[in-house]
Amino acid sequence: MKCDRIAELLPDFLRGTLERERSEVVEQHLAGCAECRDDVAVWKKLDLLPAVEPGAASRERFQAMLLAYQAGREAAEAQPEPAAQPRPRARKFDWMRSPLAGLAWGLAMLLLGVFAGSAMSRFHSSTEEAAAMRSELSSMRQLLVLSMLQQQSASERLQAVSYSQREERLDPQVLSALLRTLRSDSSVDVRLAALEALSQHHSQAQVRRGVTDALQSQQSPLVQVALIDQLLEWRDPDLAERLRQLEQSAGLNPTVRERAQWALRKLQ
Amino acid sequence: MLQVRNGESEMLGVLFDRYQAPLFNFYARLVGDRGASEDLVQEVFLRILRYRASYQPGTPFRPWIYQIARNARFDHYRKSPPQERFQPEMAPPAAAQDSAQQEQQAELLHRALRELPEDKREILILARFQELKYEEIAGLLGCELNAVKTRVHRALVDLRKAFRRLEQGIRGSGGGSAATDLSLRRSGHEV
């Protein structure tokens, strides 16, 4: 048997996961092929590379990060939830706000798009009309995002943020809503997701300005750390100044201060 | 992980204790820089908190965490490209029970691994040290199972060639600097 054929079997042979019959084939080949035998020998020799131990400070850094996260969550939970809107009677279009309805909307719009697309091609309509249809569909989805961001339930707001990530371009209105979510949503997770979604639109001045401003007003240490990381990636000219201001804030969480100092070093 | 996903963030400590050493070794072998490896491990656990909602219950956790680890490394070096440097402290430490020859071979293997292109080094490390199945590696790298096995084999062949070449170099120079360094290190001298 040739080395090429053995090459397919060797990785499983090396891990001892090759069935017996095939293992015997490999062993026969190895007995007569010095190079393949040497491959096996070097694989085994890799055992000589000992594991390296992470430093003791690593656990402490992790613990500080976790405490910062928990502190942020507890602070968010301590804030009273906005009072539920009185609902004397079910509103006519409430069902349209549920995620399921969102999905149904999406599907309906998709079907409509496919139907319209095929109809248009039949009538040799211009591509401009197809583009208009796509834009219409995108607007519908963005409306849905806006509506879902207002929901009481954090999981629905999270879903809204994730819906927004499907759009390549977002209307300024939706970007504003996401920035508002980043600043003041009661859930840390929704704020983090909003930051993630906004990072896709960093070419927009509105987004860069809004995210930079959020750094000072943010209360959750974990979101602050995420903001620092994001802003470091963008490297806006006034970032160093902003970080210095943050670092000097009284009562700043130690992990956040450490992250800001780390980011400042990276900027030098 | 399910508990972490459901908001019990203190359970992340259990995951940290279980995975920090394998992840640290993954990075250390891959990038050869202790400080960067420690930073990256912290980044992985921060990302687990941030993206925990994206973990699908019932799916294996190990490939998920390695996906995060690969993305974290990618982003880290996108922000600040790696400086090629060999950190002597990342080389295998001398262990009293090791024979001088074994130590020398470990050091040569370490160097041979560093000589491989990054994609080959990574797949070898994933397959050899990180306890991932080939199917899981295929999922991580976004390729077919057979492609993973082929790539592991090619990487191993290249490692073997690099290792034997380095070994020849040492023999050719009559023991060479690596052997001398090692014997000095064993005898407790500063090198």
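Start with the interface: select chains A and B together. Here 33 residues of chain A are in contact with 39 residues of chain B, two residues being in contact if their C-beta atoms, placed from the backbone, lie within 7 Å. This is a predicted model, in which local features need pLDDT of at least 70 and side-chain atom pairs count only at pLDDT 80 or more, while totals for chains, interfaces and linings use all residues. Residues are numbered from 1 along each chain as its sequence is written, and chains are lettered from A and ligands numbered from 1 in the order in which they are written.

Next, select α1 (3-15), α3 (34-45), α4 (57-78), α9 (188-199) and α11 (221-234) of chain A; these are the elements that give two or more residues to the side touching chain B. Elements are DSSP runs numbered from the N terminus: helices (H or I, at least four residues) and strands (E, at least two). The largest share of that side, seven residues, comes from α4(A). Coloured by class, the side of chain A that touches chain B has 22 nonpolar, three polar and eight charged residues. Nonpolar covers Ala, Val, Leu, Ile, Met, Phe, Trp, Tyr, Cys and Pro, charged covers Asp, Glu, Lys and Arg, and the others, Gly among them, are polar.

Of its 268 residues, 28% count as buried (20 or more other C-beta atoms within 10 Å of the residue's own, C-beta atoms being placed from the backbone). Among contacts in chain A with a separation of 6 or more, 62% are between residues 24 or more positions apart.

Within chain A, select α7 (residues 154-164) and α9(A). The two helices pack at an angle of about 5°, with their axes 9 Å apart; the axes are lines fitted to C-alpha atoms over the stretch in contact, and angles run from 0 to 180 degrees between N-to-C directions. α7(A) is therefore roughly parallel to α9(A), a term for angles under 35 degrees. Among the residues making the contact are A:L158 and A:V161 of α7(A) and A:V190 and A:A193 of α9(A). The contact divides into seven nonpolar, two polar and two charged residues.

Finish on chain B, coloured by pLDDT, the predictor's confidence in each residue from 0 to 100. The chain averages 80, and 74% of the residues score at least 70. The model as a whole scores ipTM 0.81 and pTM 0.60.

Key: Buried ≥ 20, exposed ≤ 12 C-beta atoms within 10 Å, placed from the backbone. Parallel < 35°, antiparallel > 145°, perpendicular 65-115°, else oblique.
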